[in-house]
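Welcome! Take a moment to look over the sequence and the 3D view, and then let us walk through a few details together.

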Amino acid sequence: MKYFDAAATTPVRREVLEAMWPYLTGDFGNPSSRHTVGESAARGLARARAQVAEWLGCRPGEVVFTGGGTEGDNLAIKGLALANPRGRHLVTTRIEHEAVLESVDYLRRFLGFEVTFVELDGEGTVHPAALASALRDDTTLVSIAHANNEIGTVQPLAALTAVAVGRGVPFHTDAVQSAGWLDVRVPTLGVQALTISGHKLGAPKGIGALYVAGRLPLEPVLHGGGQERGRRSGTENVAGAVGLGAAVALLGGAGAGGAGAGASGAGASAIAPVGLRDAFIADVEARVGDARLTGSRTSRLPASASFVFPGTSGESVLLELERRGIVSSSGSACAAGSDEPSHVLTALGMAPDLAQTSVRFSWGADVTGEDLAGVASAIQASVHAVRGIVGA
């Protein structure tokens, strides 16, 4: 079986498991406890925080450990919106992850916030002028993902944050998909809040981190014992945090634009993955003449390609691919169980019946051109098989 759903999750790296093991056994203490066992756990937690901070280019005190990307997005959006007295106006896009859209909708429904959705082009890109026109004097927060989890489009984030910061508006980005592949250092991006998730980086599920600029007030979503400097109560997942710290340390220069989870060396170039991606896209388009790439052709994640295949069902194509030993997905894993067409594709103007033919392929840095050629061949056979069934 060949795994091409890395955008959903990645395997835990052996080095990460080895780093975590002491904190699941002998160093099991509560890091808030004032005794030897607790202090040992606290040192492990502090070291992990420093590793994540170094990778993101921020101070350790600006890193909040969370239960993953969804919690990080909720804390950033609700926490910053409720703590910032500037106003009750939020700006985002209609193609954000559900964690962002549902958080924004919660603030709208229950607390009277107004929401403006920025205009997108057909590839899902936000242009600086469009963001500028969406901002108001009472805008309290902008939240736009660095890279879309379904179509892979990468936003011109530095240009967008410059627009927001120029108007005094904090900017949050969900960097869950881009972390490990693109430069996500906060000084480069210019953001005031940023979310990452461990299981997209070779760490376990259930751990993530939120960067929040030290000067920004943040209202906690979870209340209790005041852990994480009062921003996220609850006994910390020390082993998970250690795993996340180890994972980003293994990526080395990936925070500055390396080759992503599974890269063999620090700072490995992303040029090779981009070349493989573009060759794969061209191969699929040559084999399936009416296949349509979704998202930007050039400003997209280095190891992701998503297509719609007219005259098929995306779920049927997935079943045929799995019969041929290829595991992929029809879109966001967080929308599992839904038979609705992708909200990302329909937001870009695609007809619902075409959006339901979507299939996404995403892979790790160890995938070769030969692997991708095999997937392209399997796609051709699977699409033809589904069309034969549909036309029967």
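## Two sides of helix H10

On the face of H10 turned away from its buried side, you will find the exposed residues Leu319 and Arg323. This is a predicted model, and helix H10 spans residues 314-323. Its buried residues are Gly314, Val317, Leu318, Glu320 and Leu321. These lie on the same side of H10, because they cover an arc of only 165° around the axis. An α-helix has 3.6 residues a turn, so residues three or four places apart point the same way.

After H10 comes Gly325, which has a positive phi, near 85°.

The whole structure holds 18 salt bridges. One of them pairs Glu18 with Arg14, with 3.0 Å between the closest N and O atoms. Both residues sit in helix H1 (residues 14-24), four residues apart, or about one turn of the helix. Arg14 is exposed, at 62% relative accessible area, whereas Glu18 is partly exposed, at 47%.

## Salt bridges across the sequence

Glu228 and Arg49 also form a salt bridge, their closest N and O atoms being 2.8 Å apart. Glu228 belongs to the loop between strand E8 and helix H8, and Arg49 to helix H2, so this pair ties together parts 179 residues apart in sequence. Both Glu228 and Arg49 are buried.

Arg232 meets Glu71 in another salt bridge, at 2.6 Å from N to O. Arg232 lies in the loop between E8 and H8, while Glu71 is in helix H3, so the pair links parts 161 residues apart in sequence. Arg232 counts as buried, with 17% relative accessibility.

Definitions and conventions: Residues are numbered from 1 along each chain as its sequence is written. This is a predicted model: local features need pLDDT of at least 70, side-chain atom pairs count only at pLDDT 80 or more; totals for chains, interfaces and linings use all residues. Side-chain values use heavy atoms; hydrogens and water are left out. Buried means under 20% relative accessible area, exposed over 50%, partly exposed in between (1.4 Å probe, protein chains only). The arc is that of the directions from the helix axis to the C-beta atoms. A salt bridge is a side-chain nitrogen of Lys or Arg within 4 Å of a carboxyl oxygen of Asp or Glu.
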